[in-house]
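Work through the exercises below with the sequence and the model at hand. Each task is followed by its solution in steps.

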Amino acid sequence: KGVSGDSSRISRTDEKETHNVAYDLLGDASDVKVKIMDANNQTVRELSLSEVKKGKNELSWNGLTEDGLPARAGEYRIVFE
């Protein structure tokens, strides 16, 4: 299945920020993996979404890394699979 993202870049300026990411799913999907990657192309957080419907969708990232710590200020990229 294909996915196109509307908000593939995130700019963090505050460790307490929550980020809403809009994306457009080209077809229904039982599983969507979302990777949040830092400026060095390292995955800082991976999210799994289930039973996502075709069309416009949104997810919220609380700014925490896989370790449960706030991600540093900087540029991040969202990758949908």
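Two strands pair if DSSP finds at least two bridges between them. Strands (E, at least two residues) are DSSP runs, numbered from the N terminus. The model is predicted, so local features need pLDDT of at least 70 and side-chain atom pairs count only at pLDDT 80 or more, while totals for chains, interfaces and linings use all residues. Residues are numbered from 1 along each chain as its sequence is written, and side-chain values use heavy atoms, with hydrogens and water left out.

**Exercise 1. Partners in E7**

Task: Find which residues of E7 lie across from Arg9, Ile10 and Met37.

Solution: 
- Step 1. E2 and strand E7 (residues 74–80) run antiparallel and are joined by 4 bridges.
- Step 2. Arg9 has Arg77 of E7 opposite, and Ile10 has Tyr76 as its bridge partner in E7.
- Step 3. E4 is also joined to E7 by 4 bridges, in antiparallel fashion; here Met37 stands opposite Arg77.

**Exercise 2. The core**

Task: Name the residues with the most contacts inside the largest nonpolar core, then list what Val34 touches.

Solution: 
- Step 1. A nonpolar core is a set of buried (under 20% relative accessible area, 1.4 Å probe, protein chains only) Ala, Val, Leu, Ile, Met, Phe, Trp, Tyr and Cys residues joined through side-chain atoms within 4.5 Å.
- Step 2. The largest such core has 18 residues, and Val32, Val34, Leu59 and Phe80 have the most contacts inside it.
- Step 3. Two or more residues come from each of strand E3 (19–25), strand E4 (29–37), E5, strand E6 (55–61) and E7.
- Step 4. Beyond its neighbours within four places in sequence, Val34 is in contact (heavy atoms within 4.5 Å) with Arg45, Glu46, Leu47, Leu49, Leu59, Ile78, Val79 and Phe80.

How values were computed:
Buried means under 20% relative accessible area, exposed over 50%, partly exposed in between (1.4 Å probe, protein chains only).
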